[in-house]
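Hi,

Here is the structure I promised to pass on. Have a look at it first, and my notes follow below.

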Amino acid sequence: MNSKVETYIGFAIKKGSVVYGCDGIKSSKKRLLLLLYTPTLSENSLSVLKQVSERTGCTLAQIDDFETLRKKNCKALAICDKSLANAILENLM
């Protein structure tokens, strides 16, 4: 995976435009633009993210298990900043 993606995720974390975890994403009042998950996410949690993605119309994408996410013990997160979400999507493709 691209190191730019990890950099953009770091920018979003510093900016405070991130919602962590499936429970946080499910109950968030923020406008979710991009849902990201790691390959180690359980099937039940992935189904929750799919439901949220369908409900909100945001994109769901799989990413590598970056060091930034391992430090926070995080397997799913949502990006709430439009420009950062677009930059991440461009570099995932």
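Let me start with Ile-25, which counts as buried because its relative accessibility is 0% (buried is under 20% relative accessible area, exposed over 50%, partly exposed in between, with a 1.4 Å probe and protein chains only). Before going on: this is a predicted model, where local features need pLDDT of at least 70 and side-chain atom pairs count only at pLDDT 80 or more, while totals for chains, interfaces and linings use all residues. Residues are numbered from 1 along each chain as its sequence is written, and side-chain values use heavy atoms, with hydrogens and water left out.

Ile-25 sits in helix H2, residues 22-27 (helices are DSSP runs of H or I with at least four residues, strands are runs of E with at least two, and both are numbered from the N terminus). Setting aside neighbours within four places in sequence, Ile-25 has contacts that include Val-19, Leu-35, Leu-49, Val-52 and Leu-77 (contact means heavy atoms within 4.5 Å).

Now to helix H5, residues 82-92, where Leu-84, Ala-85, Ala-87, Ile-88 and Asn-91 are buried. Down the axis of H5, these buried residues fall within an arc of 165 degrees, so they line one face of the helix (the arc is taken from the directions from the helix axis to the C-beta atoms). Lys-82, Ser-83 and Glu-90 are exposed on the face turned away from that buried side. The cover over the buried residues of H5 includes helix H1 (3-15), strand S2 (34-37) and strand S4 (76-79).

How do H1 and H5 cross? Their axes come within 9 Å, at roughly 165 degrees (axes are lines fitted to C-alpha atoms, for helices over the stretch in contact, and angles run from 0 to 180 degrees between N-to-C directions). That makes H1 roughly antiparallel to H5, a label used for angles over 145 degrees. From H1, Lys-4, Val-5, Tyr-8, Ile-9, Phe-11 and Ala-12 meet Leu-84, Ala-87, Ile-88, Asn-91 and Leu-92 of H5.

Two other spots are worth a click. Thr-40, in the loop between S2 and helix H3 (43-56), is partly exposed at 47% relative accessibility. Its C-alpha is 12 Å from that of Phe-66, and the two are 26 residues apart in sequence. Glu-67 belongs to helix H4, residues 67-71, and is also partly exposed, with a relative accessible area of 42%. Glu-67 and Glu-6 are 61 residues apart in sequence and 8.6 Å apart in space, C-alpha to C-alpha.

Cheers

Note on methods. Angles under 35 degrees count as roughly parallel, over 145 as roughly antiparallel, 65 to 115 as roughly perpendicular and the rest as oblique.
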